[in-house]
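Please read this briefing alongside the sequence and the 3D view. The points below are grouped by topic.

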Amino acid sequence: MLPVVVVHGGAGHIPKERSERSTEGVCSAARAGYIILQGGGSSMDAVVGAVTELENNPNFNAGCGSVLNVKGDVEMDAIVMDGKSLGSGAVSAVRNIANPIQLARLVMDKTSHVCLTAEGAGQFARSMGVPEVPQESLITEYSRMRWKKNLEPEANPVEFQMGKMGTVGAVAVDSEGNVACATSTGGILNKMEGRVGDTPCVGCGGYADNSSGAVSTTGHGEAIMKVILARLILFHMEQGQSVEAASDLGLAYMKSRVDGLGGVVTVDPQGHWAARFSSGQMAWAAAQKDTLHYGLYTGEHFTQSTEMLLID
Ligand SMILES: NC(=O)C[C@H](N)C(=O)O
């Protein structure tokens, strides 16, 4: 079965005019991750490569395109986890960098800690030579419009926040059977300054363990944290459930227990994979055995040869 890379572009309701760009974005990121795997890269290289591409794509809520907090600022969260060592690196409420996922990886590789936050994460980025970027370069017209709209008195914050989530994430298995996950987000729209969501929390925004598999999550962060969604799904896999059934069980529990919606991409160490969601939509794509799989609405599953894509 292996190797494989599966990516998501966030669970929620994707407006029609943005759906094509979301699908194109996840397909291109899955292809980028797959090329890394084919070139002998590790699953960690593949998930960081795929998520970096999605952070650079302004159509997603991560890196450039992040949603704004209540003050109109960008504060981003990201996590990586390596299934071989259970090593993990994360950053939360980090500002003025283009690729939080790469900083999360540096936290894993270069420090003895798991998560750095806010100004401390910024200082670490500077010490590692990560270029500082102006906040303006991370803000799109669309994210500013949504922020302003949500400040209007008749706005319905929860519905609006839940409506158009675009967190990005990836899971992969490499040819040696190592699994990894990566997740990156601007969080939820008009969040309080300093709010830390599920994404940088181990077991919530993602988890990877070579003995069971890897998961990257998206959805309402506070709900995901209550049920520790990524770890919950791996628990079901440890009990013998398939990647698909375990993902559905985790999402159903989050819905019934805390009324939370979300989505996940999941792999097991053999290379079985799933992209499942309880929200109306989630842009996802997977690349395996020279085939690209992708979809957006529940039940949708298109396939295409990755070789065709290379010619494109
Ligand atoms: N779009 C998302 O998935 C949001 C993210 N889980 C958060 O709550 O920060």
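Two strands are said to pair if DSSP finds at least two bridges between them, and helices (H or I, at least four residues) and strands (E, at least two) are DSSP runs numbered from the N terminus. This is a predicted model, in which local features need pLDDT of at least 70 and side-chain atom pairs count only at pLDDT 80 or more, whereas totals for chains, interfaces and linings use all residues. Residues are numbered from 1 along each chain as its sequence is written.

**The four-stranded sheet**
- Four strands form an open sheet in the order S7-S8-S9-S10, with antiparallel pairing, and its edge strands, S7 (206-209) and S10 (273-277), each pair on one side only.
- Strand S9 (residues 262-267) runs antiparallel to S10 and is joined to it by five bridges, with Val267 standing opposite Trp273 in S10.
- Helix H8 (residues 229-238) packs on the sheet by touching S7, S8 (213-219) and S9, and its direction makes about 140° with that of S8; axes here are lines fitted to C-alpha atoms, for helices over the stretch in contact, and angles run from 0 to 180 degrees between N-to-C directions.
- Helix H9 (residues 243-258) lies across S8, S9 and S10, running at about 155° to S9.

**Overall fold**
- The chain contains ten helices and 13 strands, and its C-alpha trace spans about 50 × 45 × 40 Å along the principal axes.
- Buried residues (20 or more other C-beta atoms within 10 Å of their own, with C-beta atoms placed from the backbone) make up 58% of the 312 residues.

**Nonpolar core**
- A nonpolar core is a set of buried Ala, Val, Leu, Ile, Met, Phe, Trp, Tyr and Cys residues joined through C-beta atoms within 7 Å; the largest one has 98 residues, of which Val5, Val6, Val7, Ala30, Val47 and Ala172 touch the most other members.
- Helix H1 (residues 16-38) supplies the largest share of this core, eight residues.
- Val7 is in contact (C-beta atoms, placed from the backbone, within 7 Å) with residues including Val26, Ala30, Leu54, Val265 and Trp284, leaving aside its neighbours within four places in sequence.

**The annotated position**
- Thr167 lies in the loop between helix H6 (157-163) and strand S5 (168-173), and is buried, with 35 other C-beta atoms within 10 Å.
- Not counting residues up to four places away in sequence, Thr167 touches Gly10, Asn61, Ala62, Thr183, Thr185, Thr199 and Thr218.

Conventions
Buried ≥ 20, exposed ≤ 12 C-beta atoms within 10 Å, placed from the backbone. Contact = placed C-beta atoms within 7 Å.
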